[in-house]
Amino acid sequence: MTDESKKKSKPGREGEDQAAAVRSAPSMLLAAAWLVPGLGHWILGRRVRAVVFFAVIASAFVTGVLLSGELGTPKPQNPFSWLATFACLGNGFLYLVRIVWVNGISQIFAGFPFGMSGGGSPSAAGFAYGNTFLYTGGLMNLLAVLDVSDIARGEKD
C-alpha cells in the first residue's frame with residue numbers, strides 16, 4: 001500500500017474535506033465587495049482585478065445614467081420591477097448615491113421602498129440602452145461578489 005492510498009483511506013479525512021467545502025467567506029468581506037465594486041478583490045490582494053472591475057462597473061453605471069436610464073425601483077403595480085431593482089441594487093453605493101440624488105434624502109425615508117423615482121427620461125433616445133447599462137453593471141458587480149467569495153474560500157486562485 002502506497003503512502004498516497006494510506007492518506008486516502010484515513011478515517012475522518014472525508015469529514016475534513018466536507019468541512020473545508022462548507023466554509024464560507026466572511027460576510028463583511030462580501031458586503032464590502034458589493035458596496036464598492038472591486039473592493040473585495042482589493043482586500044484580497046488582487047489589485048489589478050479590483051481596478052478592472054471597478055472601472056468596468058463604474059463605467060457601465062455612469063454610461064447608463066448619461067443615457068438617461070432609469071434605476072430600478074419597486075412599483076406595486078409591476079412585480080417584474082423587483083427584478084430590475086435587484087439588478088440595479090447590485091451597483092452598491094453607486095445605486096444608493098443616485099437614488100438619493102434623484103429623490104432627496106427625505107423622500108427616501110418617506111416612500112421607501114415604493115414611491116421612489118429612478119431618474120431617467122423615457123422619452124430620451126438612449127433610455128432603453130441606459131437601462132441596460134445600469135442592469136448590466138449591477139449584475140456584473142454581483143458576479144464579482146461571487147468571485148470574491150470563491151477566492152476567499154480557497155476555491156479559486
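The model is predicted, so local features need pLDDT of at least 70 and side-chain atom pairs count only at pLDDT 80 or more, while totals for chains, interfaces and linings use all residues. Residues are numbered from 1 along each chain as its sequence is written, and side-chain values use heavy atoms, with hydrogens and water left out.

**Stop 1: helices α5 and α8**

Select residues 47-66, which form helix α5, and residues 127-152, which form helix α8. Helices here are DSSP runs (H or I, at least four residues), numbered from the N terminus. The two axes come within 7 Å and cross at roughly 160°. Axes are lines fitted to C-alpha atoms over the stretch in contact, with angles from 0 to 180 degrees between N-to-C directions. α5 and α8 are therefore roughly antiparallel, a label for angles over 145 degrees. Their crossing is left-handed, meaning that the near helix is turned anticlockwise from the far one by less than a right angle.

Now show the side chains where they meet. On α5, pick out residues including Phe 53, Ile 57 and Phe 61; on α8, those in contact include Phe 133, Leu 134 and Met 140. Contact means heavy atoms within 4.5 Å. The residues of this contact divide into 11 nonpolar, five polar and two charged. Ala, Val, Leu, Ile, Met, Phe, Trp, Tyr, Cys and Pro count as nonpolar, Asp, Glu, Lys and Arg as charged, and the others, Gly among them, as polar.

**Stop 2: the salt bridges**

The term requires a side-chain nitrogen of Lys or Arg within 4 Å of a carboxyl oxygen of Asp or Glu. Because Asp 147 lies in α8 and Arg 49 in α5, the pair ties together parts that are 98 residues apart in sequence. Asp 147 is buried at 9% relative accessibility, whereas Arg 49 is partly exposed at 30%. Buried means under 20% relative accessible area, exposed over 50%, and partly exposed in between (1.4 Å probe, protein chains only).

How many salt bridges does the whole structure hold? A search finds five. One of them joins Glu 70 and Lys 75 at 3.8 Å, N to O; Glu 70 is partly exposed at 23%, and Lys 75 is partly exposed at 26%. Another pairs Arg 153 with Glu 155, with the closest N and O atoms 2.9 Å apart.

**Stop 3: helix α3 against α8**

Keep α8 in view and select residues 27-35, helix α3. These helices pack at about 150°, with axes 9 Å apart, which makes α3 roughly antiparallel to α8. The crossing is right-handed, the clockwise case. Leu 29, Leu 30, Ala 33 and Trp 34 are the α3 residues in this contact, and their partners in α8 include Leu 142, Val 145 and Val 148. The contact divides into eight nonpolar, two polar and no charged residues.

**Stop 4: Tyr 95**

Finally, select Tyr 95 in helix α7, residues 93-111. Is Tyr 95 buried or exposed? It is buried, with a relative accessible area of 5%. Not counting residues up to four places away in sequence, Tyr 95 touches Phe 61, Leu 71, Gly 72, Thr 73, Thr 85, Cys 88 and Leu 89. Gly 138 is 43 residues from Tyr 95 in sequence and 8.6 Å away in space, C-alpha to C-alpha.

Conventions
Helices (H or I, at least four residues) and strands (E, at least two) are DSSP runs, numbered from the N terminus. Angles under 35 degrees count as roughly parallel, over 145 as roughly antiparallel, 65 to 115 as roughly perpendicular and the rest as oblique.
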